[in-house]
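Dear colleague,

Please find the structure below, handed over for your study.

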Amino acid sequence: MPIWLRKFTFNKLQEHYKKQAESQKQQPQSGNTTNVINEDGTINAPEFAKVSKQYNSKEQRVPKY
C-alpha cells in the first residue's frame, strides 16, 4: 500500500472515531445506566462492584451439570 494511501486511510479513520467520541459525549445519560469506566480510562471500583453483584447472584447462575 502506498504511503499516501496509508496516510489518507489513517486520517479518515481518525476523523470517524473522533466524531463518534464527540457524539457519545454529547448524548445525555439516561437514569438507568452507570458508567464503570471513567473518562481517563480507569475503572470506577464502587460502580463496578455494584454491577458485578447482579451477575454473581445465585439466581443468575446457570446450574452446572
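The chain contains two helices and zero strands; helices (H or I, at least four residues) and strands (E, at least two) are DSSP runs, numbered from the N terminus. Please note that this is a predicted model, in which local features need pLDDT of at least 70 and side-chain atom pairs count only at pLDDT 80 or more, while totals for chains, interfaces and linings use all residues. Residues are numbered from 1 along each chain as its sequence is written, and side-chain values use heavy atoms, with hydrogens and water left out.

Of the 65 residues, 0% count as buried (buried means under 20% relative accessible area, exposed over 50%, and partly exposed in between, with a 1.4 Å probe and protein chains only). The accessible surface of the chain comes to about 6700 Å², and carbon and sulfur atoms hold 56% of that surface.

Ile 43 is found in the loop between α1 (3-26) and α2 (45-56). This residue counts as exposed because its relative accessibility is 56%.

Helix α2 includes Ala 49. Ala 49 has 33% relative accessibility and therefore counts as partly exposed. Between Ala 49 and Val 36 there are 9.2 Å in space, C-alpha to C-alpha, although the two are 13 residues apart in sequence.

Key:
Areas by Shrake-Rupley, 256 points an atom, 1.4 Å probe, with all protein chains shown as cover.
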